[in-house]
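The following account leads the reader through a predicted model. It turns to one helix and then to the pockets.

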Amino acid sequence: MQIKTVHDYQPAADLLSNKVILVTGAGDGIGRQAALSFAEHGATVILLGRTVAKLEAVYDEIEQTGGPQPAIIPLDLKGATAQHYKDMASTIDNQFGRLDGVLHNAGILKILSPFTHIESDDFNDSMQINVTGPMLMTQALLPVMQKAPTASLVFTSSGVGRKGRAYWGSYAVSKFATEGLAQVIADEYENTNVRTNVINPGATRTAMRAKAYPAEDPKQLKTPLDLMPTYLYLMGDQSTKDNNLCFDAQ
Ligand SMILES: NC(=O)c1ccc[n+]([C@@H]2O[C@H](COP(=O)([O-])OP(=O)(O)OC[C@H]3O[C@@H](n4cnc5c(N)ncnc54)[C@H](OP(=O)(O)O)[C@@H]3O)[C@@H](O)[C@H]2O)c1
């Protein structure tokens, strides 16, 4: 994938008005900030995640700041089946009639370990949550996205999804798979209303990063808010012609 950066992008205040955008992992970290920023720019945001209290806190924050009323979908990607995603897609279709954007952001980093210590349950969980879930969800959502004038599908990768790194085992493999999944969809839906791109957040001040680098000073890291120009660009109409690209958010 060709790499592109747009971190100097300055979004218009109403960039996402009238857009309906689903964000996975919307209760914490980068997904939480993306949901707040999309709503601030006018989007109706569908907040998907596994911890309802966190989703409700984001919901309340959007309402308090005067954003369009969001929706909540409590779903754990670990246990969700194809039928869960089909039911979810039909709920979205019935309620909104279209879907203008999906940010696949939810993800897990199990433990960093030597390759021979990777346990099959941890490997399977990483693949289920980081790859299989987003794949099945996308299959279910594409027909609803095709009802939008233009729709943006964004997958979240990582530096270790492009170059393998010692001890990053399951997570790195799952992010390589994410890039592959995005490329297949981008190629298949080229010249349709659905564009597919990948975002690499880069080192960002979140719970996941702190777990991977416990000794690091988080104040040295970019915050989720710092990344938002790229996330907003990808959901806005300026990126309509971008397809099959990888965006570095830093
Ligand atoms: N932070 C970085 O430096 C960095 C760098 C490169 C790539 N990334 C990628 O960026 C994305 C966001 O990362 P982050 O740093 O914001 O991580 P985070 O703070 O750990 O947040 C991850 C989010 O995903 C949700 N999630 C995890 N497992 C889930 C499941 N089974 N079902 C539904 N939701 C689930 C979490 O929900 P709960 O809050 O309920 O646990 C949380 O809201 C991830 O895809 C990550 O791989 C991050």
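Helix 4, residues 120-145, has 26 residues and spans 35 Å from its first C-alpha to its last, close to the 38 Å expected at 1.5 Å a residue; the expected span is 1.5 Å times one less than the number of residues. Helices here are DSSP runs (H or I, at least four residues) numbered from the N terminus.

Residues are numbered from 1 along each chain as its sequence is written. In this predicted model local features need pLDDT of at least 70 and side-chain atom pairs pLDDT 80 or more, while totals for chains, interfaces and linings use all residues, and side-chain values use heavy atoms, without hydrogens and water.

The second largest pocket has a volume of about 160 Å³, the space filled by probe spheres set on grid points joined across faces, edges and corners. A pocket is an open set of points on a 1 Å grid over the protein atoms alone, where a 1.4 Å probe fits, with protein on both sides within 12 Å along at least five of seven lines; lining residues have an atom within 4 Å of a point. Its lining includes M135, Q139, L181 and Y189. Helix 4 gives the most to this lining, with 5 residues.

The largest pocket has a volume of about 1,000 Å³. Of its 42 lining residues, N105, G107, I108, T206 and M208 lie nearest the centre. Helix 6 gives the most to that lining, with 5 residues.

Note on methods:
Helix = DSSP H or I, 4+ residues; strand = E, 2+ residues; numbered from the N terminus.
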